[in-house]
Amino acid sequence: MRSVPISDTITPQGVQPAEGAAWGKVILLGEHAVVYGRTAVAAAIDRQVCVRLTPRQGSARVAPLEDAPGIAPSLTGGAESDPRLLRALARAADLFRVSLEDVEINITSDLPSSVGLGSSAALSVSLVRALAKWTGNSLEDDVVCSHALDIERIFHGFPSGIDNTVATYGGLVAFRRGQGTRWLTAPRPLPLVIVLGRSSRDTGSVVSSLRERWTAAPDRYEVLFDIIGHIAASGERAISTGDIETLGSLMFQDHAVLRRLGVSTEELDQLVELARRNGALGAKLTGGGGGGAVICLCEKGRTELIEAFCRGGSTAFSADVGAAARVSRCGSATGTQAGLHGQ
Ligand code: PMV
């Protein structure tokens, strides 16, 4: 990891409030296999986490999330309800060699958390950005991304690096661990519906229980990871040529393999089937699985699909992803992606 150029003396007293923000994401193809070195394709969504640091006398306080519809209790209760958040803050403070004793930390978000949309990576990136500003350091995005991965390990144990990459840069990427990131451009935005399952879940435990199964039967799982890697590579080509019918079919195939990995649930399978019956070109779980969100690719009938999900008691919303090749910094988004939270 590259070292951060920290100024010699850090005296946050009297400094201006500092903010950092970062994108949420969807994995279009390739989750889980990406942890084992295969390619995955992911895109930023127009939802962000924002961290704001303000000077405070007395001990550090993590204020509850504001304006955060659909945010899971793991974050809404602040540090008290999720010990990982406190450890993440401590790790971030350590990286910047700064004390958070006299800092009030406000986390705001319109990104649902604990559903596979990359909220912990977005939190990690926004925390790094806010602390960089707070300490008067100007960090390149690759340093932000690398520090965020370090913090993300507290939430996920063994992250592939795809979430913090998309949270940092935005855009649409093909990512392979250790081999860098290819930036993709879709000829037109990919029209998605994102539907949230009701069961709570935790990516870290889904990833670690898959690791146990893999350790017990590596050959069986390596074959499945290879299949997912091929699906993702085909998806990358389909995206680049604007062939969204093929992309949709690959999403259904990917979901079927994710089921064989044991990371889907009955509820997620039902949501995928509901999408298929309502004319979606493709649908699959996204992120860690074990609950969480399903993404659906819809050429037509998005409103009707959202209504169908809502009638079934789920929360669903639309998202257009992938038109902007790359966003270099939060707040300077282009294409279909909006700017900094609140703008
Ligand atoms: O559930 P999320 O949004 O954190 O996504 C996890 C994606 C995995 O491939 C399962 C893990 C990883 O680190 O890539």
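**Salt bridges in a predicted model**

**View 1. Glu-236 and Arg-182 form a salt bridge, with their closest N and O atoms 2.7 Å apart.** The pair connects distant parts of the chain, 54 residues apart: Glu-236 belongs to helix 7 (residues 218–241) and Arg-182 to strand 6 (residues 181–183). A salt bridge here is a side-chain nitrogen of Lys or Arg within 4 Å of a carboxyl oxygen of Asp or Glu. Helices (H or I, at least four residues) and strands (E, at least two) are DSSP runs, numbered from the N terminus. Glu-236 counts as buried at 14% relative accessibility, whereas Arg-182, at 43%, counts as partly exposed. Buried means under 20% relative accessible area, exposed over 50%, and partly exposed in between (1.4 Å probe, protein chains only).

The model is predicted: local features need pLDDT of at least 70 and side-chain atom pairs count only at pLDDT 80 or more, while totals for chains, interfaces and linings use all residues. Residues are numbered from 1 along each chain as its sequence is written, and side-chain values use heavy atoms, with hydrogens and water left out.

**View 2. Arg-91 forms a salt bridge with Asp-94, at 3.3 Å between the closest N and O atoms.** The two residues are three residues apart in helix 2 (residues 83–95), which separates them by about one helical turn. Arg-91 is partly exposed, with a relative accessible area of 27%; Asp-94 is exposed, at 51%.

**View 3. A salt bridge (3.7 Å, N to O) joins the side chains of Asp-150 and Arg-153.** Both residues lie in helix 4 (residues 141–156), three residues and about one turn apart. Asp-150 is buried, at 12% relative accessible area, and Arg-153 is partly exposed, at 40%.
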